[in-house]
Amino acid sequence: MAQIQWAEWAMWWMVGLALLLLVVHDWRGLIAGLAALQAALLAVLWQAWPAALAVTQLIAGWLAGAMLAIGQNLHPAQPALTPAWSERLVRLLAGLLAVALVWATAPMLAAVWPQVPWSARLGGASVALLGLIQAAWSRHPLRLSVGLLTGLSGFLALYAWQQHGLLLTGLLGMFQVLLAWAASYLIHQTLAGEERL
C-alpha cells in the first residue's frame with residue numbers, strides 16, 4: 001500500500017516538473033528538471049517493472065540529460081534573451097489547460113487503458129501532452145529535445161503497465177540516448193553558427 005501511495009505522489013511530482021519545464025528558461029534548470037523527472041519516473045516504473053528494468057530507464061534518462069548538458073556546455077556562455085513574464089504565464093496557462101483536458105477525458109482514457117492505475121493513466125497522459133507542448137513551442141534543439149524526452153517519460157509511465165519485455169525496454173532506453181545524442185549535435189551546430197555570426 002505504501003509503495004502504491006509513493007508511486008502516486010511520484011506521478012504527480014512528474015506532472016509538476018513537466019509544468020515547470022514549460023516555464024524554465026535557463027539551460028541548467030532544464031537539465032536539472034529533466035533529471036528530477038527521470039528520478040520520479042523511476043518510482044513510478046518501480047511499481048510496474050522489475051527493479052533492474054526501472055533502474056535501466058533511470059540510467060538512460062540521466063545519460064540523455066548528461067549528453068544534452070555536454071552539448072550545451074561545449075561553447076562559452078552567451079547572453080540569452082530572457083523571455084517576458086507574459087510569455088511564461090502563457091506557457092503555464094497552456095500547460096494547465098492541457099492537464100485539465102486530460103482530466104476531462106478521464107473516462108475515455110479509462111476505457112482505453114483499464115489495466116493502468118488511475119494516477120499513472122492521468123499523470124502519464126498529462127506528462128506526455130506537456131512534453132509535446134514543450135517540443136512544439138520551441139525551435140531551439142535543447143528545449144525541443146527536453147520536450148521530447150518529457151513526452152517519452154509520460155509515455156513510459158503508461159507503457160510500463162502494458163509491457164514488461166526486456167527487448168522493448170532496452171530499445172526505449174536506447175531511443176532516449178540516441179535522441180539526446182542527435183540533439184547534442186544539433187545544439188553544438190546551432191551554437192557554433194551563432195558564434196560565427
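Q: How many helices and how many strands does the chain have?
A: In this predicted model, the chain has eight helices and zero strands. Read from the N terminus, its elements run α-α-α-α-α-α-α-α.

Q: Why are α2 and α7 called roughly parallel?
A: Helix α2 (residues 27-48) packs against helix α7 (residues 141-159) at an angle of about 10°, and their axes are 10 Å apart. Angles under 35 degrees count as roughly parallel. The two helices α2 and α7 are therefore roughly parallel to each other.

Q: Which residues of α2 and α7 meet?
A: From α2, the residues are Trp27, Leu30, Ile31, Leu34, Leu37, Gln38, Leu41, Val44 and Leu45. From α7, they are Leu142, Arg143, Val146, Leu149, Thr150, Ser153, Leu156 and Ala157. The residues of this contact divide into 13 nonpolar, three polar and one charged.

Q: What makes the aromatic pair of tryptophan 12 and tryptophan 103 stacked?
A: Rings pair if their centres lie within 6.5 Å, and planes under 30 degrees apart count as stacked. For tryptophan 12 and tryptophan 103, the centres are 5.9 Å apart and the angle between the planes is 25°, which makes the pair stacked.

Q: Which parts does the pair of tryptophan 12 and tryptophan 103 tie together?
A: Tryptophan 12 lies in helix α1 (residues 2-23) and tryptophan 103 in helix α4 (residues 85-104), so the pair ties together parts that are 91 residues apart in sequence. Ring pairs also link Trp12, Trp103 and Trp118 into a cluster.

Q: Why does tryptophan 103 count as partly exposed?
A: Buried means under 20% relative accessible area and exposed means over 50%, with partly exposed in between. Tryptophan 103 has a relative accessibility of 42%, so it counts as partly exposed. Tryptophan 12, at 25%, counts as partly exposed for the corresponding reason.

Q: Why is the pair of phenylalanine 155 and tyrosine 159 called stacked?
A: The ring centres of phenylalanine 155 and tyrosine 159 are 5.5 Å apart and their planes stand at 25°, so the pair is stacked. Both residues belong to helix α7, where they are four residues apart, a separation of about one helical turn.

Q: How do you know whether tyrosine 159 is buried or exposed?
A: The relative accessible area of tyrosine 159 is 11%, and buried means under 20%. Tyrosine 159 is therefore buried.

Q: What percentage of the chain do buried residues make up?
A: Buried residues make up 48% of the 197 residues in the chain.

Methods. Residues are numbered from 1 along each chain as its sequence is written. This is a predicted model: local features need pLDDT of at least 70, side-chain atom pairs count only at pLDDT 80 or more; totals for chains, interfaces and linings use all residues. Side-chain values use heavy atoms; hydrogens and water are left out. Buried means under 20% relative accessible area, exposed over 50%, partly exposed in between (1.4 Å probe, protein chains only). Axes are lines fitted to C-alpha atoms, for helices over the stretch in contact, and angles run from 0 to 180 degrees between N-to-C directions. Angles under 35 degrees count as roughly parallel, over 145 as roughly antiparallel, 65 to 115 as roughly perpendicular and the rest as oblique. Contact means heavy atoms within 4.5 Å. Ala, Val, Leu, Ile, Met, Phe, Trp, Tyr, Cys and Pro count as nonpolar, Asp, Glu, Lys and Arg as charged, and the others, Gly among them, as polar. Rings of Phe, Tyr and Trp (its six-membered ring) pair if their centres lie within 6.5 Å; planes under 30 degrees apart count as stacked, over 60 as edge-to-face and the rest as tilted.
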